[in-house]
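Please work through the exercises below with the sequence and the model open side by side.

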Amino acid sequence: MGATIVEKIFSRKCGSDIRAGDVVMAPLDGMMIHDITGPLAIQKFYEMGGKKVCDPKAVIMLFDHQIPADSIEAANNHVYMRKFAAEQGIHNYDINEGVCHQVTIEKGRAAPGEIVVGADSHTCMYGATGAFATGIGSTDMGFALKFGALYFKVPETIRADVSGKFQKRVGAKDLILAIAADIGADGATYKAIEFTGKTIRKLDMAGRMTLCNMAIEMGGKAGIVAPDKVTWEYMKGRRKMKPFALDSDPGATFAETKSYDVTDLEPQVAVPHNVDTGIPVGKVEGTHIDQVFIGSCTNGRFEDLAEAASVLGKKRFSPKVRTIIIPASRDEYLKALSAGLIEKFVKAGALVEAPCCGPCMGGAFGLIAPGEVSLATSNRNFKGRQGSTDGKVYLCSPATAAASAIMGVIADPREV
Amino acid sequence: MAAKKNVPVKKVVVADGPVAKNARTWKFGDNIDTDAIIPGRFLILNNPDELAKHAFEGTRDEYAKKVQEGDVIVGGRNFGCGSSREHAPLALVGGGVKVVVAQSFARIFFRNSVNVGVLPVVCPDADKIEDGAKIALNVRDGYLEADGKKYAIEPVPEFMQGIIDAGGLVEYAKTLKEMPVCTK
């Protein structure tokens, strides 16, 4: 009987035939903790009687949500985690590298066939490398730190088969917003979503990361793309690994197979206050906005910034809108800097911040006031997500965000 | 679950019968996300009592002031969607809530709840339960009673029962010296 890529990963790790629905205590290749969920995970580790972390080399620690510390409480959380890292011999990337998910992938800490957990729901992004990766809570993380393993109910897989060529200014973010609108906010609960098909094979790693990142917005346990040439090319220099085949068998059992053709896909915008509300940008064109945010683990990569810069051309961002641009990591920042994008953005009127989560989590800076409207390339538009519960958040691609920042209202990037 | 047999039953999280004297329900709708349960700006707090002061802030402001020990949260579909922040179930724990009833739960919230000692109860008819209803659970027989009406509830997944019986994942983990991996 054929197996899905997820079933194969668990079977490989455990050396026996494991199928969707099985509950298994699986060994972990990586565990990521950051400054928000980390302190609680460490507390739980100690409460469980933990003394030494099972495998300090498997722990990925960094701070990205509240950096540089924006309150004394945040500073205290950072101190607490630094002390833990020193005591346990864990390498701590501290405030230096950027958003946890981007950094984890960039540093080669998630790779094809591995099982990685992170104390953050968007951990599912590592599936872009062909890893099985899922977000967990702090108590589960405390357990993982202690035992180097965690129990999983192996998920069924929804197969999203994507074909067609994107129109200009349309891309991975528009696709995933359309898929989320189709599957719904809870349509993939307890399931993995495998992105496959000709369009995915041609998609770069940045786009694959955007897709997998948002699997959780449909309730998904994981998003995953089978490793191929693009993946192995990306892994070069990050990990010493020999490429191997890892793909769902043709006869594998899927919970569902969905087909998407992107040929006529228009730029999508998810309207307040849920992510599964994606509609063509034309339906909200002209909507008032106060702030535009281009960044986050979903869309803060060089490719995203380059797309925004391409839409910008020689124009300027509207003075009526606050345009905040945050590269997802130090590496992405440097690439943008070398390519002259940062200078271009600053000259056009944007505020460019150092790599971090920024306004996405609504706990640090870039918050919106009651009645204000934010348009963001991040992943959630829940009520209060970026500040006041009386504010509104719309989600879109970097191209749509740039076009809207130029026009001062929500705009179609194909027409700017 | 590999080592389940070796785990002594320490306590059951929720006893059957009335959840608490004068317990009431707090009714919410579909897709109640973790930002609604505890807004991002309060995640610098790690203490359940402190978190509880800000639970549902901006969504239902009277909740934090009026919630009492033993009260029950009732939600619709996809309760607890969004972030992996365990601060969400902890903010409920801090207010004395030990049970959340919903038509369905988001995966991470469900698991976090079990881990911190909140019982997530799946009740397909949860949308019919009214705000402020008096509620009693009968987990063993698979139903709950709200304002005298009976509603069926689904059993807790078998593999989670060991953790619930231990009183949460911390208590469960304390009983284990090492974890046998790769056992179904």
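The exercises that follow treat a helix, a sheet, a chain contact, a helix pair and some backbone features.

This is a predicted model, in which local features need pLDDT of at least 70 and side-chain atom pairs count only at pLDDT 80 or more, while totals for chains, interfaces and linings use all residues. Residues are numbered from 1 along each chain as its sequence is written, and chains are lettered from A and ligands numbered from 1 in the order in which they are written.

**Exercise 1.** Determine which residues of α4(B) are buried, and state what covers them.

Solution. Begin with the terms: helices (H or I, at least four residues) and strands (E, at least two) are DSSP runs, numbered from the N terminus, and a residue is buried if 20 or more other C-beta atoms lie within 10 Å of its own, exposed if 12 or fewer, and partly exposed in between, with C-beta atoms placed from the backbone. Helix α4 of chain B spans residues 87-94, and eight of its eight residues are buried, so the helix is largely enclosed by the rest of the structure. Among the buried residues are His87(B), Pro89(B) and Gly94(B). The cover includes α1 (34-37), α2 (48-52), β3 (72-75), β4 (99-102) and α5 (107-116) of chain B. After the helix comes Gly96(B), whose phi is positive, near 90°.

**Exercise 2.** How many residues of chain B are in contact with chain A, and which helix supplies the largest share?

Solution. Contact requires C-beta atoms, placed from the backbone, within 7 Å. By that criterion, 41 residues of chain B are in contact with 52 residues of chain A. On the side of chain B that touches chain A, α1, α5 and α7 (169-174) of chain B each supply at least two residues, and the largest share, six residues, comes from α5(B).

**Exercise 3.** Describe how α6(A) and α8(A) pack.

Solution. Axes are lines fitted to C-alpha atoms, for helices over the stretch in contact, and angles run from 0 to 180 degrees between N-to-C directions. Helix α6 (residues 172-183) and helix α8 (residues 205-213) of chain A pack at about 20°, with their axes 9 Å apart. The two helices, α6(A) and α8(A), are therefore roughly parallel to each other (angles under 35 degrees count as such). In the contact, Ala172(A), Lys173(A), Leu175(A) and Ile176(A) of α6(A) meet Gly207(A), Thr210(A) and Leu211(A) of α8(A).

**Exercise 4.** Examine the backbone at Pro272(A) and at Ser296(A).

Solution. Most residues other than glycine have a negative phi, and most peptide bonds are trans. The peptide bond from Pro272(A) to His273(A), however, is cis, with omega near 0°. Pro272(A) is also touched by Lys392(A), and their C-alpha atoms, 120 residues apart along the chain, are separated by 6.0 Å. Ser296(A), although not a glycine, has a positive phi of about 85°; this residue lies in helix α10 (residues 296-299) of chain A and is buried, with 28 other C-beta atoms within 10 Å.

Methods. Two residues are in contact if their C-beta atoms, placed from the backbone, lie within 7 Å. Angles under 35 degrees count as roughly parallel, over 145 as roughly antiparallel, 65 to 115 as roughly perpendicular and the rest as oblique. Lists of a residue's contacts leave out its neighbours within four places in sequence.
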